[in-house]
Structures are given as structure tokens and as C-alpha cells.
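Visitor: I would like to go through this model term by term and ask what stands behind each label.

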Amino acid sequence: MALDAGTVAAVDALAERYKYGFVTDIEQETAPKGLNEDIIRFISAKKAEPEWLLAWRLKAYRHWLEMRDPKWARVKHPPIDFQDAYYYAAPKTKEGPKSLDEVDPELLRTYEKLGIPLHEHEILAGVAVDAVFDSVSVATTFKKKLEEVGVIFCAISEAVQKHPELVRRYLGTVVPYSDNFYATLNSAVFTDGSFVYLPKGVRCPMELSTYFRINAAKTGQFERTLIIADAGAHVSYLEGCTAPMRDENQLHAAVVELVALDDAEIKYSTVQNWYPGDAEGRGGIYNFVTKRGACRGRHSKISWTQVETGSAITWKYPSCILQGEGSSGAFYSIAIVNNRQQADTGTKMLHIGRNTRSTIVSKGISAGRGQNTYRGLVRMQGGAENARNHTRCDSLLIGGACGAHTVPYIESKNPTARVEHEATTARIGEDQLFYCRQRGLDEEQAVSLIVNGFCKEVLQELPMEFAVEAQKLVALSLEGSVG
Amino acid sequence: MLEIHDLHVSVGGAEILKGLSLNVAAGEVHAVMGPNGSGKSTLSYVLAGRPGYDVTAGTVRYKGRDLLAMAPEERAAAGVFLAFQYPVELPGVSGATFLRTALNAVRKARGEKDLDAMQFLKAVRERLRSLSMTEETLKRALNVGFSGGEKKRNEMLQMALLEPDLAVLDETDSGLDIDALKLVADGVNALRAPGRAMLVITHYQRLLSHIVPDRVHVLARGRIQRSGGKELALELEARGYAEFGHAA
């Protein structure tokens with residue numbers, strides 16, 4: 001994504017075409033700060049988008065101008081100045097570290113603890129831009145293999161060019177442009193993201209992942225992902241956000257839309273470890289994300305599994321619209337807050353069709369001065385005959401200065417529907433810690449073992465290679481929470 | 001191996017141990033007997049380093065080192081093992097994960113290499129067999145839903161695997177029927193070794209019929225009131241703790 005000469009020329013050209021102009025600053029390699037229609041036109045032009053998509057973006061932008069940011073979540077932050085942000089930016093290769101020696105040693109230690117090999121350090125720290133491009137080409141290699149079975153897996157901007165009919169048919173149909181403040185903002189300015197289409201009856205031969213791509217999008221904080229599973233198709237998709245961010249309170253407002261047709265199944269897993277800010281709560285990402293899946297077909301399935309350990313603030317409710325008869329949705333979540341982190345996360349299960357099923361398992365862990373809120377809606381519509389939901393919501397507290405909150409919303413308009421909600425709150429017992437230490441574990445190992453045990457049901461839902469990483473992350477994000 | 005001198009310990013401001021002295025040599029098994037509330041569990045916890053037990057006076061030396069200056073995990077690494085009266089439940093943590101984590105933590109502290117999964121399994125299988133336990137124990141969450149007997153056998157399994165130099169058994173006989181008691185006692189006896197000291201803390205004599213001690217001490221009112229050979233246990237069984245100022 002680094003701006004090349006072509007980009008600079010494009011910016012210059014636009015600056016002439018639209019008299020508001022852009023200051024082309026090669027040193028910074030960004031479009032100017034702020035948000036207006038010209039920025040949106042620039043993004044759209046940069047990606048050579050068709051007219052309908054630009055119109056859609058502008059419609060979203062104009063709608064957004066009339067909206068206010070939501071106040072109902074249990075999170076606190078100063079007002080965000082939306083004019084004080086870059087909406088199109090590429091890595092500042094000149095300012096970035098040139099070699100591993102120039103990288104913050106603490107950053108390197110963090111990678112070591114994560115068990116990421118050295119050459120990947122370079123990729124993750126944005127040192128070797130070529131290597132970042134290499135990681136994109138890894139996805140391209142997969143792409144060929146996937147094409148053989150008819151699976152489309154590419155950047156959404158590429159999909160707009162190559163498969164405009166699919167994008168146009170599904171984009172914004174699960175999360176409409178007017179959905180909510182941050183999703184609407186995303187609709188106006190999204191710059192990157194993935195597109196997946198599985199044709200009828202295709203079982204994706206491998207896990208799809210965006211693990212490396214997140215680095216290329218270092219400053220592109222408005223991703224948009226669209227996954228469509230046609231009748232009978234199956235896919236497991238992994239999203240990793242494990243590159244720490246060093247910026248001050250940067251906004252990350254992504255949108256993910258999933259569509260599952262008859263008998264299709266989508267499994268979407270996330271391990272989110274954005275920079276959480278320092279111990280005093282300075283810096284860190286505002287992770288304000290809208291994720292929603294539509295089970296449109298009969299007996300379709302969508303499951304969300306998330307491990308949320310990073311970000312200063314997480315505001316995220318991966319949801320399922322259970323429309324198809326006998327369709328089912330699941331939400332498995334681990335949310336960890338430490339230091340001054342805040343998380344307000346959960347799900348929405350909207351039961352529309354007959355015999356729909358949903359399962360919610362939420363594990364919240366609070367340490368330091370962290371505040372962790374589970375917020376979940378289960379709605380049984382009038383037509384949801386014999387629909388079933390089961391919710392388990394467990395909170396674990398470490399220390400006395402953190403908080404855990406559970407806010408379930410249950411609405412039932414059908415007398416045959418059944419909704420079950422269980423919730424527990426516990427502290428890590430002094431007796432548990434002592435027992436582990438008596439067996440030779442130090443305090444941090446003990447906490448890690450106990451917390452991983454607490455999260456086990458959710459960790460089991462992750463694909464194997466992610467589960468191992470997630471376990472390490474759980475331990476890492478709780479470092480310094482005891483003693 | 002273990003030298004306790006004039007130990008005073010308070011819990012929540014109340015003095016529980018009031019000048020306890022006790023020496024245990026390598027290769028010996030000592031029994032500490034006493035009525036409820038005499039300070040038996042306090043002794044075991046303070047040896048293991050449980051937070052909240054304030055040592056106000058006295059010394060404890062273990063292999064010549066100041067035991068009280070060591071963190072609980074350092075004591076474990078140095079070979080101190082406490083078999084808990086009430087083993088703690090760890091939901092979601094399988095027995096195998098716990099045992100392997102503990103074993104490797106202790107090995108690391110001793111400068112030994114981690115055991116890989118196969119080596120670990122081999123080591124643990126041998127011990128399981130000798131305690132008449134099944135591999136099912138390794139898959140279950142540690143102590144969760146275990147019967148009293150299962151919990152105590154699980155403690156013995158950990159002890160057998162960690163091979164401590166000083167084992168403190170806190171009321172290991174409580175809550176066991178006679179068959180379980182015999183199994184646990186066999187497990188302990190199998191671990192008796194010239195380089196290993198054991199401190200068996202119990203209210204009742206019956207455990208000492210199966211684990212025959214070299215020395216017996218009576219703990220009451222926070223101090224060792226009397227010490228003797230194995231016959232002292234039988235005497236206590238017959239006469240109770242009344243002469244030491246406690247009802248049996």
C-alpha cells in the first residue's frame with residue numbers, strides 16, 4: 001500500500017480536478033487529514049470504482065453527517081474529532097524503522113513471547129515493505145488453488161473490478177449503509193478488506209485467513225469484508241489482528257457482512273490484539289466494529305468465535321439474523337481487559353424463522369482497572385416457532401479494581417420460543433493461585449493456566465493453529481495483573 | 001533436612017503457633033498428631049508459604065536454607081511438596097495439562113529439560129498404575145467433581161511425579177474409606193526413601209497403622225507437647241488429647 005509515483009500522480013491529478021485539492025506530501029505519504037466528499041471521491045477514484053459504488057459511499061457519507069455517535073455502551077472516551085484523522089493513508093516507509101535494530105526492543109520482546117519467528121518480526125513491525133507484499137502474494141498462491149474449486153478469495157477492491165455483480169448484489173444487504181454511526185462511516189470511507197464467494201456445494205479446501213494482510217493495511221483502519229456462501233457451501237475464515245499498534249487512540253471501524261444461503265455454513269474466527277494503550281490508558285485503538293451474518297437459507301449456519309485481548313476500547317457485537325427455517329447461529333467469545341482497557345461486547349441473535357437455534361458462550365476476564373461488559377440481545381420474532389436460544393455468560397475477576405457487567409436483552413414475541421440465560425461471576429481464588437504455586441508454577445503461569453481453563457470452551461471452537469496462539473495471547477495480555 | 005525452631009505464626013492477628021520446634025532428618029517419617037484447632041494445618045501452610053500466615057518469630061531451615069525467605073514456587077522447586085487436606089478445583093484445566101506444567105516448572109527451576117508429551121505420558125502412566133488410577137483422570141478437569149478419595153489419590157499422583165525431598169501430608173486420611181486409605185498409604189510407603197523426609201499430619205492414629213512413622217509428635221495449643229516413637233500414636237488413640245488441654 002506504500003504510495004508509489006503513480007499514486008502521487010493520481011493525487012496531483014485529483015487535486016486539479018477537484019479544486020479543494022490534496023497536499024501531496026511524499027514524506028508523509030497520506031491524503032490530507034479530515035473527511036469530506038473529495039476524500040471519498042479520491043478513495044473511490046484510487047480504486048477505480050464504478051459510479052454506483054461512489055454514489056453509495058456518498059449516500060452513506062451524507063447520512064452519516066446527520067448521525068450522532070452512540071452513547072449507550074458502557075465505555076468512556078473523549079469525543080472523537082473525525083476531522084483529525086487520515087482516511088486514506090499508506091505506511092510511512094521513510095519514518096518506519098529500517099532494520100530490526102531500530103525497532104522498539106519492547107516490541108521485539110512482545111513478538112518473542114508470542115512465538116513469532118524473527119523474519120516475521122520484520123514483517124509485523126513494518127520494517128520490510130517487500131516482505132509485507134510477499135505476505136499478500138501468499139494469499140495469491142492460495143487463490144490459484146482456490147480457483148480450481150471455484151472459490152473467489154481476493155481484496156474487496158479487486159472483487160469490485162472482477163465480480164461487480166456479486167459485490168453489488170450483496171454489499172450493504174446485511175449491514176445497510178444507514179445501519180449505525182460507525183458502520184455508516186465505514187460505508188463512506190472503507191479502503192480495504194476481503195471478499196469471499198463460495199459457489200453452490202463447494203466446501204472450501206482450506207482455512208482462509210487475513211493474518212498478514214492486516215499489516216499491509218497499517219493505516220487503513222476501515223476494512224470491509226464480505227463473505228457469501230452459496231447453497232451447501234462451507235467455509236472457515238480466520239482474522240488475526242496481532243500486530244501491536246503504537247498510535248494514539250486510532251479509530252478502527254470495520255464492517256463484516258456474511259451471507260449464508262440454503263444449508264451453507266460460515267465459521268468466522270477472530271483473534272484481536274490491537275495495541276491496547278499503556279498501563280495508564282494512553283493510546284490504543286478504538287475498535288468500533290460492526291459484524292453481522294445473515295442466515296438466509298434453510299438450515300444455514302453462522303458461527304462467530306472471537307478472542308478479544310487488545311484495543312483500548314472494544315465495541316463489537318457480531319450478530320446473526322436467523323431468517324431461514326432451521327438455521328442456527330453461534331457466538332463464542334473471550335474478552336480480556338487489563339490496565340485501563342474497556343470492552344463492551346456481545347452479540348445479537350435475531351430469530352425470524354421457524355425452528356431456529358442460537359448458542360451464546362461468553363467468557364469475560366477483567367484485570368487491572370479494566371471494565372468488561374457483556375451486552376447481548378436475543379429476540380424471538382412472532383414467526384419464530386419453536387426457536388431456541390441458550391446463553392452462558394461467565395465473568396472472571398482478577399484483583400479488586402476491575403469490573404464485570406452483564407447486560408442481557410431478551411425479547412420474545414412467540415410463546416413457543418425458549419430462551420435460557422445463565423450467568424456467573426467469580427474471582428481467581430487465592431486458594432487456586434497458592435495450589436498452583438505450591439506445585440512450582442509462578443504467579444503468572446498460574447493465572448495463565450487458570451484463565452485458559454476458564455476459557456476452554458471457547459478456545460476449543462478456534463481452528464487448531466489459532467487456538468495455540470490465542471492461549472499465548474491470553475497469558476500475555478494478563479501479564480502484570482497479579483502480584 | 002528440616003529444622004523448625006521456636007516458630008510463632010499468626011493468622012488474622014491471632015497467634016496459632018506459639019513456639020513450635022521440630023527437626024526431621026532425611027529418610028525419616030515423622031507424624032504430627034493433634035486435636036482440631038491445635039495448629040496442624042497452619043504448620044503445613046506455613047511450611048509451603050501460603051500468603052496470610054505471618055511468621056512473628058522463629059526460624060525454619062530446609063537443607064540449610066532459610067525456607068521462610070523463599071516464595072512458594074521456589075520451595076516447590078527446591079523439593080517441598082504439600083499434599084492438601086482440601087485439594088483445589090481448577091475448572092477447565094485437565095489433569096494432564098496441570099501435571100505437565102507443574103513438572104516442567106519444577107524441572108526448569110532445577111536446570112533440567114522439559115519433558116515432551118511422550119516422555120511425560122510414560123512417566124505418568126507408571127505412577128497411575130501404582131495408584132490404581134486410570135488415564136481418564138488426566139483428561140478430567142483437575143479435582144472438579146472428584147470424590148474425596150479421588151482427590152487424595154490425585155495428590156499422591158502429583159507427589160509421585162514431582163518426587164519431592166520433603167513431603168508434608170496434611171490430613172491425607174480425612175474423608176477416606178478404609179480401601180482408599182490403604183491405597184494412599186501404599187502410595188506414600190512406596191515413596192519412602194533414604195533421601196526423602198516426610199511429615200504426616202493427622203488427627204487419628206489409623207493412618208499410622210499403614211504409614212509407620214519413625215517419630216510421633218503431639219501438637220496442642222500451638223506447640224509440640226510431647227514426642228516419642230510410633231507407640232505414642234497408640235497411646236493417644238487410647239487416651240485422647242485430654243491431657244494436653246484439648247478434648248479429643
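The dialogue below sets computed values against the definitions they rest on.

Guide: This is a predicted model, in which local features need pLDDT of at least 70, side-chain atom pairs count only at pLDDT 80 or more, and totals for chains, interfaces and linings use all residues. Residues are numbered from 1 along each chain as its sequence is written, chains are lettered from A and ligands numbered from 1 in the order in which they are written, and side-chain values use heavy atoms, with hydrogens and water left out.

Visitor: Why is Ser358(A) called buried?

Guide: Buried means under 20% relative accessible area, exposed over 50%, and partly exposed in between (1.4 Å probe, protein chains only). Ser358(A) has a relative accessible area of 3%, so Ser358(A) is buried.

Visitor: Where does Ser358(A) sit, and what does Ser358(A) touch?

Guide: Ser358(A) belongs to strand E15 (residues 357-366) of chain A. Helices (H or I, at least four residues) and strands (E, at least two) are DSSP runs, numbered from the N terminus. Leaving aside residues up to four places away in sequence, Ser358(A) touches residues including Leu322(A), Met349(A) and Asn389(A); contact means heavy atoms within 4.5 Å.

Visitor: What makes the pair Ser358(A) and Asn389(A) a polar contact?

Guide: A polar contact is a pair of N or O atoms within 3.5 Å; within protein, one must be able to donate a hydrogen and the other to accept it, and residues adjacent in sequence count only if both atoms are side-chain atoms. The side chains of Ser358(A) and Asn389(A) are joined at 2.9 Å.

Visitor: What is said of the length of helix H7 of chain B?

Guide: H7(B) covers residues 178-191, has 14 residues and spans 20 Å from its first C-alpha to its last, close to the 20 Å expected at 1.5 Å a residue. The expected span is 1.5 Å times one less than the number of residues.

Visitor: Which residues of H7(B) are buried, and why are they said to share a side?

Guide: Among the buried ones are Leu181(B), Val184(B) and Val188(B).

Visitor: What makes Lys63(B) and Asp165(B) a salt bridge, and what does the pair tie together?

Guide: A salt bridge is a side-chain nitrogen of Lys or Arg within 4 Å of a carboxyl oxygen of Asp or Glu. The N to O distance for Lys63(B) and Asp165(B) is 2.4 Å. Lys63(B) lies in the loop between strand E4 (53-62) and strand E5 (65-66) of chain B and Asp165(B) in the loop between H6 and E9 of chain B, so the pair ties together parts that are 102 residues apart in sequence.

Visitor: How many salt bridges cross the interface of chain A and chain B?

Guide: The rule finds three there. Glu73(B) and Arg437(A) meet in a salt bridge at 2.7 Å, N to O.

Visitor: How much area is buried between chain A and chain B?

Guide: About 2,100 Å², of which carbon and sulfur atoms give 64%. Buried area is the accessible area (1.4 Å probe) that two parts lose on being put together, summed over both. In chain A, Phe434(A), Tyr435(A) and Arg439(A) lose the most area to chain B, together 37% of what that side buries.
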